[in-house]
Amino acid sequence: MRWKLRQAEDAAVSHLISEAGLSPLIARMLVARGVRTADEARAYLSPQLSHLHSPYLMSGMGAAVERLEAALERKEKILIYGDYDVDGTVAIVLLKTAIELLGGTADYHVPHRIRDGYGMKDEVIAQAAGEGVRLIISVDTGIRAFAAAEAAQRAGVDLIVTDHHLPEGQALPRALVVLNPNQPGCEYPCKALCGAGVAFKVAQALLEKHGRESLLPSFLKMVAVATIADAVPLTGENRVFASLGLAGLRTPANPGLKALLEVAGLDRGPITAGDVGFRIAPRINAAGRMDVAQEVIEMFSGRDLERCREIAQRLNQLNADRQQEEARIVEAAFKRLDGDQALRESYCIVVEGEGWHRGVIGIVATRVVERYHRPALVVSIEGGEAHGSGRSLRTFHLLEALESCASLFTRFGGHAFAVGFALPAERVPELRAALDGFARARLTPADFEPMLTIDGEITLDQVTPDFLRETQRLAPFGMSNPQPVFAARGVRLAQPPFLLKEKHLKLRVMQGGRAFDALGWRMGERLGSFQAGDSLDLAFTVEQNPNPEFPGLQLTLSDVVRAEEK
């Protein structure tokens, strides 16, 4: 990796130190993250419920609330049409809960990933209309549902689209209302809401209208889970969601949430964004990836703790199944790419396999990006159809890449960093050629060089509990607010390195009389690169060792090289 030190203007740092009373360490990290004023620093370090924007700043909110109010007054049947991932299922739960708290009745539809695929279907809308539904609200889907919106019109059903994905240029579906901070003309301040974030703004408007705003903090627990899981930037309003929601997760009242935290081993002590991303979200997502996501909604809507525990245990098993399937496909994809130089050196990798499980190819695409440092699309071939999922680099807008060859697809959508699509299987070679050409016109070899951003250079004697507490003030960490990474140079390797679970690297390092364990997750292949006595340069985050048998601080490696190599 190439290491790059974050830059922070000294004058701005000094201003925060004097005006906000911050330590030099915190002031420098905040300035490097774009915080300039004392008020901005206070809001960043202490998010408050009052920092939430008015939902009516979102274009169309007034009309949406008016229609929902009419539905509540007339006791109309409402259908919430969602998606099968964390974002979609949580969004359904949020809106369903708000509507029912206000005396309404809301049913929901969540598609099956394999049988139904992504997006809104005409036949579901027609069936709902036949059952007397006169209002459908989409969550985390619908911004490109042009045919579905027309089907709703024909059936005499009002459609409110709530979504966060990018629209198709200036075009919007012909729905009664479209709520999306990314739609043309919408001046909502936080453009990076996830789907559940948009749904929450609808719930916020409804609850405030009925004088029930005191319930909003209880909603933030679920919003935080979706916001972190969907990897949207944890800045602005998303930071308020994540910070206040994570604090609320320490005392869950919802039986489903309580059961899920138990099965994830998170029912004691504080919960971090990392816990959500790596332990909570995968178990929720496992339902939509491997089976039927509606069980997630049943769990979060349930009142019987034992039944919720049954579902949570099932999600836990599905997640284990997902991990096995993912490992199998990752191995197959890596084998294919390692054996084909031209394929792995494409400017945008497209790798396909027969019968690869559609529920995990998005995760596999992430692994391909991590290993080969290029945009990647992973495609499952099933008969004559190809279904794919893609992930990208920060320098490459993946949805624009798909839009450049839109005629190849039967459907596609997403955003800059993640996409989903379907196309005839025989057109995959055309897709590979088209995306490689598009990427070659916009990327250079330098874009494929992995870069690690360093927040500061320190020595190991600076790594203390107080140092960790200071850096934790910037939490919760995630997209656009990464956990601070520090560099220490000339550190001595005190013992021979060894492997943990056959894939993780563990080092014992010393400098200035201080010694620490340093863990390199998935760095096991570098075991033979170092020997006791070597002088190393480390890039790392500082953590509290979660194992009570080994209390104290540990270093989590982002990179490690011999000192003479940097």
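This is a predicted model: local features need pLDDT of at least 70, side-chain atom pairs count only at pLDDT 80 or more; totals for chains, interfaces and linings use all residues.
Helices (H or I, at least four residues) and strands (E, at least two) are DSSP runs, numbered from the N terminus. With that settled, I looked up Ala 333, and it lies in helix H14.

Residues are numbered from 1 along each chain as its sequence is written, and side-chain values use heavy atoms, with hydrogens and water left out.

**Entry: Ala 333**

I asked how far Ala 333 is from His 53, and got 280 residues in sequence and 44 Å in space, C-alpha to C-alpha. Ala 333 is buried, with a relative accessible area of 0%; buried means under 20%, exposed over 50%, and partly exposed in between (1.4 Å probe, protein chains only). Contact here means heavy atoms within 4.5 Å. Setting aside neighbours within four places in sequence, I find Ala 333 in contact with Val 351, Trp 356 and Val 364.

**Entry: helix H11**

Next I went to H11, residues 255–263, and found it mostly covered, with seven of its nine residues buried. Those are Pro 255, Gly 256, Leu 257, Ala 259, Leu 260, Leu 261 and Val 263. What do the buried residues of H11 pack against? I list helix H9 (216–229), helix H12 (273–290), helix H13 (294–301) and helix H14 (305–338).

At the N-terminal end of H11 I found a cap: a side-chain oxygen of Asn 254 lies 2.8 Å from the backbone nitrogen of Gly 256. After H11 comes Gly 265, with a positive phi near 70°.

**Entry: helix H13**

I checked H13 too, and Glu 295, Val 296, Ile 297, Met 299 and Phe 300 are buried there. The cover over these buried residues includes H5, strand E3 (105–109), H9, H11, H12 and H14.

**Entry: empty space**

Rolling a probe the size of a water molecule over the atoms shows where empty space is left. The working terms: on a 1 Å grid over the protein atoms alone, a cavity is a set of points where a 1.4 Å probe fits but cannot get out, while a pocket is an open set with protein on both sides within 12 Å along at least five of seven lines; lining residues have an atom within 4 Å of a point. Grid points are joined across faces, edges and corners, and a volume is the space filled by probe spheres set on the points.

I looked at the second largest pocket, which holds about 470 Å³ of space. It is lined by 18 residues, and Thr 97, Ser 218, Phe 219, Asn 254 and Arg 303 lie nearest its centre. Helix H5 (86–101), H9, H11 and H13 each give two or more residues to that lining. H5 supplies the largest share, six residues.

How many cavities of 30 Å³ or more does the whole structure hold? My search found one. The largest cavity has a volume of about 40 Å³, and I noted its lining as Leu 468, Thr 471, Gln 472, Phe 477, Gln 483, Pro 484, Phe 486 and Val 542.

Most residues other than glycine have a negative phi, and most peptide bonds are trans. I noted the exceptions below.

- Lys 75 is not a glycine, yet has a positive phi of about 55°. I place Lys 75 in the loop between helix H4 (61–74) and strand E2 (77–81), and at 61% relative accessibility it counts as exposed.
- Asp 140 has a positive phi near 60°. Asp 140 sits in the loop between strand E4 (135–139) and helix H7 (146–154), and is buried at a relative accessible area of 1%.
- The peptide bond from Ala 475 to Pro 476 is cis, with omega near 5°. Pro 476 belongs to the loop between helix H19 (465–471) and strand E14 (486–493).

**Entry: charges over rings**

I count a charge as over a ring if NZ of Lys or CZ of Arg is within 6 Å of the ring centre and within 35 degrees of the ring normal. The charged end of Arg 239 sits over the ring of Tyr 44, 4.1 Å from its centre. Arg 374 lies over the face of Phe 448, also 4.1 Å from the ring centre.

Conventions: A polar contact is a pair of N or O atoms within 3.5 Å; within protein, one must be able to donate a hydrogen and the other to accept it, and residues adjacent in sequence count only if both atoms are side-chain atoms.
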